[in-house]
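I am opening my notebook for this one, and you are welcome to read along. I will jot down what I look up, entry by entry.

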Amino acid sequence: MNIDALRDLSYGMFIVSSSFNNEDAGCVVNTVTQITSVNPTIAISINKDNYTNKIIKESKRLAISILSTDTDIKTISQFGYKSSKDINKFIDINYEIINDLKIVNDNICSYIIGDVVNIINVDTHDIFIIRVVDMKKVSDKIPMTYKYYQDNLKGKSPKNAPTYVNEYNKEGHSRYKCIICGYIYDDEVEEVKFSDLPDNWKCPVCGVGKDKFIKV
Ligand SMILES: Cc1cc2nc3c(=O)[nH]c(=O)nc-3n(C[C@H](O)[C@H](O)[C@H](O)COP(=O)(O)O)c2cc1C
């Protein structure tokens with residue numbers, strides 16, 4: 001089995017958010033898929049350890065913000081690498097409140113609101129089946145694909161994402177991995193070698209310093 005085959009699957013980039021009893025949660029996902037068109041339903045895979053999973057199960061509803069190529073890497077880092085259990089992710093983010101749901105609307109293309117109609121338990125993840133109850137086209141911006149995120153923002157997926165790849169299993173040399181977010185700095189493709197980067201250089205994805213990188 002060559003795991004690279006899975007890398008040929010295409011995805012978009014989204015923030016899923018939910019609120020319950022004055023608690024807000026949200027996380028980046030790349031696994032939003034439309035399942036039916038009449039009475040549209042959507043499926044999303046969310047790790048059982050994500051705080052957003054817990055809040056969605058309690059509220060039984062959620063919002064999906066469809067990110068555009070203009071989305072700031074800081075927004076993706078905040079929603080994709082930190083937990084709503086520890087921080088308020090909506091600080092410094094533009095959002096809209098609809099029916100008590102906080103919906104991220106910073107540089108998005110559209111948003112969709114839906115009710116949970118089924119949850120399918122699959123090992124580490126739950127697949128939430130969502131019946132769409134409202135949706136709005138917010139802009140004509142270009143939707144961000146997962147490939148765009150990888151190629152242009154040099155982003156990766158953390159452990160909880162279904163598309164997580166353990167870079168230790170890949171061949172090669174002169175690669176340095178951020179132990180916080182998994183970002184790989186590859187001397188072969190960058191203009192400056194990792195060892196020559198200034199001491200105040202920060203991980204472009206999660207913002208930690210060079211000391212949080214290990215040689216792979
Ligand atoms: C590009 C990207 C894609 C991701 N896709 C998913 C996904 O499809 N499902 C998932 O459960 N987590 C995914 N994640 C990971 C969650 O966003 C991450 O674990 C987040 O910190 C969970 O936050 P929470 O604890 O506030 O829910 C993804 C992260 C990134 C950066």
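**Entry: around helix H1**

I looked up what covers the buried residues of H1, and the list includes strand E1 (14-20), strand E2 (23-29), strand E4 (41-47), strand E5 (61-67), strand E8 (108-122) and strand E9 (125-137). I take helices (H or I, at least four residues) and strands (E, at least two) as DSSP runs, numbered from the N terminus. Contact here is when the C-beta atoms of two residues, placed from the backbone, lie within 7 Å.

Which residues of H1 are buried? In this helix, residues 51-59, I noted Thr52, Asn53, Ile55 and Ile56. Looking down the axis of H1, I see these buried residues within an arc of 170°, so they line one face of the helix. (The arc is that of the directions from the helix axis to the C-beta atoms.) For burial I count other C-beta atoms, placed from the backbone, within 10 Å of a residue's own: 20 or more is buried, 12 or fewer is exposed, and in between is partly exposed.

**Entry: ground rules**

I keep in mind that this is a predicted model, where local features need pLDDT of at least 70, side-chain atom pairs count only at pLDDT 80 or more, and totals for chains, interfaces and linings use all residues. Residues are numbered from 1 along each chain as its sequence is written.

**Entry: helix H2**

Is H2 mostly covered or mostly open? I found it mostly covered, with 7 of its 9 residues buried. They are Thr75, Ile76, Ser77, Gln78, Phe79, Gly80 and Tyr81. I then checked their packing partners, and the buried residues of H2 pack against E1 and E2.

**Entry: the ligand**

I listed 26 residues around the ligand, and Asn50, Thr52, Gly80, Ser83 and Ser84 come nearest. To be near, a residue needs its C-beta atom, placed from the backbone, within 6 Å.

Which element gives the most to this shell? E2 does, with 4 residues. I also noted that E2, E4, H1 and helix H2 (73-81) each supply at least two residues.

By class, I count 12 nonpolar, 12 polar and 2 charged residues in the shell. (Ala, Val, Leu, Ile, Met, Phe, Trp, Tyr, Cys and Pro count as nonpolar, Asp, Glu, Lys and Arg as charged, and the others, Gly among them, as polar.)

**Entry: nonpolar cores**

The largest nonpolar core has 30 residues, and Phe14, Val16 and Ile64 have the most contacts inside it. E5 gives the most to this core, with 5 residues. I also found a second, separate core of 10 residues, including Tyr81, Tyr176, Cys181 and Tyr185. (A nonpolar core is a set of buried Ala, Val, Leu, Ile, Met, Phe, Trp, Tyr and Cys residues joined through C-beta atoms within 7 Å.)

**Entry: domains**

The domain assignment gives domain 1 (10-152) and domain 2 (171-215); such bounds come from an automatic or database assignment. I noted 29 Å between the C-alpha centres of domain 1 and domain 2.

**Entry: residues in loops**

I found Cys206 in the loop between strand E11 (184-186) and strand E12 (213-215). Is Cys206 buried or exposed? Cys206 counts as buried because it has 21 C-beta neighbours inside 10 Å. Leaving aside neighbours within four places in sequence, Cys206 contacts Ser77, Tyr81, Cys178, Ile180 and Cys181.

Trp201 also has its place in the loop between E11 and E12. With 14 C-beta neighbours inside 10 Å, Trp201 counts as partly exposed.

Thr163 is in the loop between helix H3 (146-152) and strand E10 (175-178). Leaving aside neighbours within four places in sequence, I see Thr163 in contact with Asn30, Tyr146 and Ser157.

**Entry: positive phi**

Most residues other than glycine have a negative phi. I noted Asp100, not a glycine, with a positive phi of about 65°. Asp100 lies in the loop between strand E6 (95-98) and strand E7 (101-104), and counts as exposed with 12 C-beta neighbours inside 10 Å.

Asn107 has a positive phi near 55°. I placed Asn107 in the loop between E7 and E8, where it is partly exposed, with 18 other C-beta atoms within 10 Å.
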